[in-house]
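Please look over the sequence and the structure shown here before reading the briefing.

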Amino acid sequence: MKRTRAHLPSRKVIAVLAAALLATGMAACGNSDTGDGGGKGDGKITLGFSQVGAESGWRTANTTSIKESAAAAGIDLKFDDAQQKQENQIKAIRNFIQQKVDVIAFSPVVESGWDTVLKEAKDAKIPVILTDRAVDSADKSLYKTFLGSDFVKEGRLAGEWLVEQKKAATGPVNIVELQGTTGSAPANDRKKGFAEAISANPNLKIIASQSGDFTRAGGKQVMEQFLKANPKIDVLFAHNDDMGLGALEAITAAGKVPGKDITIITVDAVKDGMQALADGKFNFIAECSPLLGPQLMDLAKKVHNGEQVPARIETQETTFTQEQAKAALPNRKY
Ligand code: AHR
């Protein structure tokens, strides 16, 4: 059958259809690229992340988790190391705002003093996610969610274990405490949880408590001072493995046997800490997981898409005795 011109689309119709298709495509690209806070135009979400620093084995594992998860999720990560200074974190967040990233996430070095910069992010319509550590802002609308551990619980679990171990004690049990970074959420909360738990037994007394800034060097230095000033130390509660590992050196140098003469309790359960526990140098660890990357990337995508997310997402954690550390070590990822 011979085709008439009426059955074929005219050049004009084809041109109109093509123009319409192009316009729809461009509109779709515009939505996904610019999002809340702008974008690079390649369809990828840009996440600005301000990390506390590199003070501990935990922090290194956390940074690795975030970088690897961003790459796996196809998220363009702008990573900033604040070297444990709040002013550097504030500067980094302001840079992220200027660069119009899609989402900002950060692990606040200390709890206070974030309202102004968080308000700036909110005004720029850039959603903020807190990871690992919380802020004490009264205005909860300044951030979308907080993903991280329950630090009070970690301190409480450490204290409860000690109460059980020392339940037969008839005299004073002298405890020294190595606190994390002054003003940080884990230092404040672990101190609180531990103190609450040991208050169950009046024999358990904290005789000295000072910050070792979550570092090995800090733990060693402060433990040396504790040992000089206090002839009878029965227990060390260190707010992280690294400070506990630093303290081991000071304890050994003072001629004492760690894990025997002084009971050592820490938090984190990174490989080196777990090794010390398996070797009998530490006695108990409350776990704090640094593997927050996959959940963070998932949340970044959700808040960028305007989806509702829970205001608080708590990390699942456990505790380890010496025997449990021996069993867990071969499969420990960090
Ligand atoms: O905020 C988590 C804490 O920070 C970890 O317990 C400690 O090791 C790190 O430096």
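What follows is a short briefing on the cavity and the ligand. This is a predicted model, in which local features need pLDDT of at least 70, side-chain atom pairs count only at pLDDT 80 or more, and totals for chains, interfaces and linings use all residues. Residues are numbered from 1 along each chain as its sequence is written, and side-chain values use heavy atoms, with hydrogens and water left out.

**The cavity**
- A search of the whole structure finds 1 cavity of 30 Å³ or more (a set of points, on a 1 Å grid over the protein atoms alone, where a 1.4 Å probe fits but cannot get out).
- The largest cavity has a volume of about 80 Å³, a volume being the space filled by probe spheres set on the points.
- Of the 13 residues that line this cavity, the closest to its centre are Trp58, Arg59, Arg133, Arg190 and Phe214, where lining residues have an atom within 4 Å of a point.
- Because domain 1 (46-149 + 290-316) and domain 2 (151-288) both give residues to its lining, the largest cavity lies between them; the domain bounds come from an automatic or database domain assignment.

**The ligand**
- Among the residues that surround the ligand are Glu55, Asp132, Asn240 and Asp268, each with a heavy atom within 4 Å of it.
- An oxygen atom of the ligand is 3.0 Å from an N or O atom in the side chain of Ser56, and for Arg190 the corresponding distance is 2.9 Å.

Conventions
1 Å grid on protein atoms, 1.4 Å probe; cavity = no way out; pocket = protein on both sides within 12 Å on 5 of 7 lines; lining within 4 Å. Polar contact = N/O pair within 3.5 Å; in protein donor to acceptor, adjacent residues only side chain to side chain.
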